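Hello,

Please find the structure below. My notes on it follow.

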Amino acid sequence: MKVVLVDFLNAYPLYYALVNKIIDNDIEFIKKMPSVCARLLFEKQVDVGIAPSIEYAKSDYYLVPNVCISSDYKVKSVALFLKKPLNKVKTVKLDKNSNTSVALTKILFAYKYKLEVDYIQDRADCELVIGDNALYRIEHTDEEIIDLAYEWKEFSGYPFVFALWIANHKIQVKYIDLFLKAKEWGVNNLDTIAEAFCDTHNYDYEKAYDYLKNNLSYDLTENKKKSLELFFDYAYKLNLIPQKPKLRFLYE
């Protein structure tokens, strides 16, 4: 069983107990950026991965039930950094590390802000930044910051789901149980996870713990399923995905 992971703080609660053998397992883990996780999953070089939620719509996949990386309000780590007022933005630089955040940005500009902008890779009026890079930048900028989870909640009324445990084939039930037990351990040991992250990354413990505790949630509730379906609907309208998929869970 080969599993690809995202080396972002927000994902640590889902796998820390497995990678560190706090929960015994026989899984082989590799860590990559979200976009690479998606590619490895699609190419079937791995069996399961923590992948951007939009990737689920791009192939014949399964979801591990009742687990995700999401935000009920503000996420902090997926944000637009503005160099000018939003209504004057003409160009947007995208972060290619997560197709979900790119899609969310395009949906918000098209349907919430109703602004026509050009998406570029050079210097722009605003820039999408995700993950730990966004957390670091927030601490060292005077730019206006727009939190995309907050913007989606205001626009749709739903929390936003950024990533999911996605499988490219059916897996044994024991592995589903391991993923769910790891999540349960993770959400009950956020202090340990924040400390472990800060031991290997240049980040403040209190800020890491606060981020995990107050900006993220990991249960895939009914509201979050509805949010996913609405997100896929808008993504399909913008031709960002080839289909509007039904949510298909392992062994449900």
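Two strands are taken to pair if DSSP finds at least two bridges between them. Please keep in mind that the model is predicted.

**Strands β1 and β2**

V4 stands opposite I30 in β2. The two strands concerned, β1 (residues 2-6) and β2 (residues 28-32), run parallel to each other and are joined over 5 bridges. Together with helix α1 (residues 12-19), β1 and β2 form a β-α-β unit, and the unit is right-handed.

**The nonpolar core**

The largest nonpolar core has 92 residues. Those touching the most other members are I50, F109, W165, F179, L212 and F231. Strand β10 (residues 160-167) supplies the largest share of this core, with 8 residues.

Setting aside residues up to four places away in sequence, F109 touches L80, L86, V89, V92, K114, L115, V117, Y119 and C126.

**D125**

D125 sits in the loop that links β7 (118-120) to β8 (126-130). Is D125 buried or exposed? Its relative accessible area is 12%, and because buried means under 20%, D125 counts as buried.

The side chain of D125 makes a polar contact of 3.4 Å with the side chain of K84. Apart from neighbours within four places in sequence, the residues in contact with D125 are F81, L82, K83, K84, K88, V89, K90 and T91.

Regards

Conventions. Residues are numbered from 1 along each chain as its sequence is written. This is a predicted model: local features need pLDDT of at least 70, side-chain atom pairs count only at pLDDT 80 or more; totals for chains, interfaces and linings use all residues. Side-chain values use heavy atoms; hydrogens and water are left out. Helices (H or I, at least four residues) and strands (E, at least two) are DSSP runs, numbered from the N terminus. Buried means under 20% relative accessible area, exposed over 50%, partly exposed in between (1.4 Å probe, protein chains only). A polar contact is a pair of N or O atoms within 3.5 Å; within protein, one must be able to donate a hydrogen and the other to accept it, and residues adjacent in sequence count only if both atoms are side-chain atoms. Contact means heavy atoms within 4.5 Å. A crossover is right-handed if, with the strands pointing away from the viewer, the path from the first strand over the helix to the second runs clockwise. A nonpolar core is a set of buried Ala, Val, Leu, Ile, Met, Phe, Trp, Tyr and Cys residues joined through side-chain atoms within 4.5 Å.
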